[in-house]
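Hello,

Here is the structure I promised to pass on to you. Could you have a look at it alongside the notes below?

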Amino acid sequence: MAVVGRYVELLSRCRGSGDARPIARIQAALITSGLLRGSVALHDALIRALASSGRPHAALPLYAHLLRAGLHPTPHTLPSLFKSLALSPAVPGARRLALAVHAHAVRLGLTGFLLVNNALIRVHAGLLGRLPDAHLLLRTSASVDASTFNTLITAHARAGRVADARSLFDEMPTRNVVSWSAMVNGYVQAGDGREALVVFSRMQDQGVCPDDTVLVGVLAACAQLGALEQGKWVHGYLKATCTRITVFLGTALVDMYAKCGEVQLGMEVFEGMKDKNVLTWTTMIKGLAMHGRGSDSLRLFSQMESLGIKPDDIAFIGALCACTHTGLVDKGRELFNSMVSRYGIKPKIEHYGCMVDLLARNGLLSEARDMVEKMPMKPDALIWGALMAGCRFHKNVELAEYVIRHWIELEPDKSGAYVLLANIYSASGRHASAREIRHVMRDKGVEKIPGCSNVEIKGVIHQFIVGDLSHPCIKDILTKWYEIDSRIRLEEGYIPDKKEVLLDIEEEEKEGALSRHSEKLAIAFALISTSDNTPIRIVKNLRVCQDCHHVTKLISKVFDITIVKPSEFVEYALGCLEQLADSGDHSARSVRDNLRVMVAGGDGTVGWVLGCLGELYVQNREPVPPVAVIPLGTGNDLSRSFGWVKGSLSLVLTVTQ
């Protein structure tokens, strides 16, 4: 018995190391000596050690060995064995073995033990994917604990059944930090950041101290909502509690700041991180690209490569998005080709989507169509959406009609394709065709997704839906919007662009419909709820319509922010750079010289300059005046489009769909 005890102790030291080789050597010695055949304790110790190693599947044959030796499993055997099964889903026969072991547990009367029952629930909810059976086990259990519920909450959330997960959460007699984490992250996975923050607030009220997993989920919720102040609170909490910024926390902070419009704060977090993985680099690369700083984004990608960090397929998506936002078509082609030639990464549909988006945005619609037709996999709705966005921007009706035929085959019940085609018809003066599309939508029962805008005021997220007048401050909001509308008409000659309004309402009603777009309501509310010099960040679920896009620029101008139209941007930028260069700024001189070359070549000029000037503004270099540059192109599902604004009032419209 003393010998067995020494081996059990030795195996316990091997747990969690990840290296299965020492365990294999001990197993060989036990088999050779004959000790293993007569000891349940040694079988248990081996299975536990292997379950925590890099080769959990090696524990599975030990169960058969145990039975052949005439031994019976104990309550300590089965939890580790089920863990090994859950970690080995690709092993042939793993699911059959799980059911067989369940049957053994019933026959031997082991299901009454809490650890065994929890392990059974975990394997049915996870490996076997049988949530009803897992529920039955919960309801018939002799005893349950927080772990029992946590397993099912997580499983339901991963299956997209967040309402069922919440019911289980509310039913729990006692909760631990894992319970709160499962619920917060469940809502984040379901795209409901608002409810995730509500759960987190309730967690704080009950005095539960959040761990890293909870905080990562909260930061993800803030990123979804554009809730900058709450995201900053998490960052401040980490500093106040002297919490070490792990790779996961740091990456979540970078992502949150980038998606909330504060990419420079994200860069400060990134540069302060001691440890970074490829996801951290990718998050920063994509964040810079989102904010028009594509040149910085691509430089960071090159820096990552020079440090020996091999980019993965997600990193290439970030780099290709940077090319899209800066209009660098040739660089995009180069990166796309290097995936295979240099790194052996086979492009996925997301990479083709980025390339189609890049080509379509830059007017290379024939090449984009050719890529769609020749790609090795069947195009999905996002691919067709990217091509359709190019058709809309460049008013190519013929290609749009070709795209719509393929898109609606994939998504016959969704409104995106129909709405874009109707807008293209309207912009081209084909109002009868646009009206016909609306009638087709009505006949098929296809409803347009309502626009929804969120704005954060003093840490509270306020949500506005198009046409919704239920906000408690709606009278003040409409009064403010009337003031805004009057000023931009009087001072800037604003005329509402009614081309994208539903065509089956009277002409005088269209202006009223435009005035109730969600982002306009959000802007008006923000203006009556904040003081001067306060940035206003509005997060929208859909593309911004052309009228709202134009109105946003006019509001910025009325509030004393310099607005530069894209057509005048290069000339304006050269003037700014001349001032900087004359004052001895060598960086500006270099940008100026490169810009002159690019103007001659006509390749991606506006986006590239936006990135360069953005960097100069961030560094607060004078005498560059504040400028709001809002590109004419709009984002799509594959690469988001940001209006980058700096001045006494910042309006950052973020497309999040």
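Is Thr174 buried or exposed? Thr174 is exposed, at 52% relative accessible area, where exposed means over 50%, buried means under 20% and partly exposed is in between (1.4 Å probe, protein chains only). Thr174 sits in the loop that runs between α10 (162–171) and α11 (177–189); helices here are DSSP runs of H or I with at least four residues, numbered from the N terminus. Between the C-alpha atoms of Thr174 and Phe149, which are 25 residues apart along the chain, the separation is 9.7 Å.

A word on how to read this: it is a predicted model, in which local features need pLDDT of at least 70 and side-chain atom pairs count only at pLDDT 80 or more, while totals for chains, interfaces and linings use all residues. Residues are numbered from 1 along each chain as its sequence is written, and side-chain values use heavy atoms, with hydrogens and water left out.

Now the cysteines. With a disulfide taken as a pair of cysteine sulfur atoms within 2.5 Å, the count is 0. For Cys260, the closest cysteine sulfur belongs to Cys222 and lies 6.6 Å away, too far for a bond. Cys260 is buried at 2% relative accessibility, and Cys452 is buried too, at 15%.

Finally, confidence. The predictor's per-residue confidence, pLDDT (from 0 to 100), averages 78 over the protein chain, and 81% of the residues score at least 70. Residues 561–569 have pLDDT below 50, and this stretch has 29 contacts in the model beyond near neighbours in sequence, a contact being heavy atoms within 4.5 Å. Where pLDDT is low, the predicted coordinates should not be read in detail.

Best wishes

Definitions and conventions. Helix = DSSP H or I, 4+ residues; strand = E, 2+ residues; numbered from the N terminus.
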